[in-house]
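Subject: The structure you asked to look at

Hi,

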Amino acid sequence: MNYADLMKRAISLAGIHKYTAKPNPVVGAILVKDDLIISEGAHEQYGMEHAEVNAINNAKKYIGKTFQSFEELTLLCTLEPCNHSGKTGPCSDAIIKSGIKKVIIGCKDPNPKVAGTGIIKLIDNDIEVELGLHEELIKEQNKFFFFKHENNRPYITVKIASSSDGKSHNLDGSSTWITCKESREDVQIVRAMHDSILTGGNTLVDDNPRMNARVKFAVNQPKKILLTSKKDLDYKNNFFINSDVIVIKENNIKKIIKSLNKSDICSILVEAGPQLVNSFLLSGLVDELIIYESPNLLGPEGVNWFKEDNAVEKLGFKLESSYKIESDSKKIYKNVKR
């Protein structure tokens with residue numbers, strides 16, 4: 001039995017549900033007997049059963065057909081089985097109760113509520129455990145989740161749309177699309193990937209944005225975070241409609257992020273104007289910067305994103321990738337100062 005190939009299959013199975021499992025990690029599980037796959041399972045929806053339980057439940061219909069007892073089976077799961085009660089019960093208990101005697105785990109769970117305790121419980125109940133198979137693939141697949149628990153804060157991405165001369169919008173406040181339709185559609189996918197979207201009060205008033213993920217697939221919509229000192233908020237604004245909104249009146253970026261550390265938010269997408277974007281960049285907390293750049297100019301009547309040339313590089317960001325979206329370019333920078 002090639003367990004390495006099976007773990008890759010479990011990783012692929014997990015990835016199908018990346019937009020609906022969040023802010024939980026995606027997890028895949030496979031039950032095998034010798035060279036035969038008996039069943040598969042994934043964590044498909046936040047708040048619903050986890051991958052291991054789904055694989056066990058899916059296997060029950062084959063008892064007496066392809067196998068007689070769960071003791072004959074080996075369970076492969078991409079992430080360490082949870083060992084605590086949340087929206088569902090502990091997966092470690094479900095595995096023990098089933099009678100499974102061997103578990104192969106791709107990667108240890110970084111969540112302090114688990115962090116090896118699931119493995120210990122399985123071993124204490126006479127289950128053979130093997131750990132460490134395609135760990136880096138699993139960590140990359142769940143990069144926001146791992147980052148949150150390894151750094152005790154959410155992963156922060158800043159997204160901006162810029163003209164070719166580095167402008168954000170017109171000085172007179174008149175509305176104009178900077179980037180092409182295809183770039184704006186790509187932004188929807190970026191939104192869908194994140195657990196939350198953050199903006200400021202000025203953007204709320206000036207643009208009346210929806211800031212949701214308008215995609216053609218199932219997604220857990222990002223929570224919304226509004227930073228504002230304004231007292232007379234209009235809750236009929238597009239931003240609030242059918243949305244889970246956290247309003248924060250603090251203006252210290254580090255305190256704001258610290259206040260979110262104990263939440264289930266693993267990633268934040270900042271979409272705001274130059275003032276708030278630069279505050280985040282100067283805080284040193286931004287991990288990734290995405291710039292959608294149009295070939296068009298806004299000219300002297302446009303508002304600059306940055307006060308000086310090469311500001312992005314001077315702030316410690318290095319270009320990781322760049323590619324064309326129709327007439328625009330999408331550039332992804334990573335913070336390399338850490």
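Below is what turned up, starting with the charged pairs and ending with the cysteines and a surface patch. Keep in mind that this is a predicted model.

**Charged pairs**

Side chains of opposite charge can pair when their charged atoms come close. The structure holds 15 salt bridges, and here are some to find.

Start with Lys102, which sits in strand β4 (residues 102-107). Its side chain meets that of Glu128 in a salt bridge, at 4.0 Å from N to O. Glu128 belongs to strand β5 (residues 128-131), so this pair links distant parts of the chain, 26 residues apart. Glu128, at 43%, is partly exposed.

Lys102 also has a polar contact of 3.3 Å with the side chain of Glu130. Put together, Lys102, Glu128 and Glu130 form a network of salt bridges. If you leave aside the neighbours within four places in sequence, Lys102 is in contact with several other residues too, among them Tyr3, Leu73 and Ile127.

Next, go to Arg153 and Asp287, whose closest N and O atoms are 2.9 Å apart in a salt bridge. They link distant parts of the chain: Arg153 is in the loop between α6 and β6, Asp287 is in the loop between α10 and β12, and 134 residues separate them. Arg153 is buried at 10% relative accessible area, and Asp287 is buried at 5%.

Then there is Arg191 with Glu271, a salt bridge with its closest N and O atoms 2.7 Å apart. Arg191 lies in helix α7 and Glu271 in the loop between β11 and α10, so the pair ties together parts that are 80 residues apart in sequence. Both Arg191 and Glu271 are buried.

**Cysteines**

How many disulfides does the structure hold? The number is 0. Take Cys77: the nearest cysteine sulfur, from Cys91, is 8.5 Å away, while a disulfide needs the two sulfurs within 2.5 Å. Cys77 is buried, with 0% relative accessibility. Cys180 is buried as well, at 14%.

Finally, Ile189, Met193 and Phe217 make a nonpolar surface patch of about 230 Å². Look for Phe217 in the loop between α8 (201-207) and β9 (223-227), where its relative accessible area of 34% makes it partly exposed.

Happy exploring!

Definitions and conventions:
Residues numbered from 1 in each chain as written. Predicted model: local features only at pLDDT ≥ 70, side-chain atom pairs only at ≥ 80, totals over all residues. Heavy atoms only, no water. Helix = DSSP H or I, 4+ residues; strand = E, 2+ residues; numbered from the N terminus. Polar contact = N/O pair within 3.5 Å; in protein donor to acceptor, adjacent residues only side chain to side chain. Contact = heavy atoms within 4.5 Å. Buried < 20%, exposed > 50% of the residue type's maximum accessible area, 1.4 Å probe, protein only. Patch = residues over 30% accessible without salt bridge, like charges linked within 9 Å, V, L, I, M, F, W, Y side chains within 5 Å. Areas by Shrake-Rupley, 256 points an atom, 1.4 Å probe, with all protein chains shown as cover.
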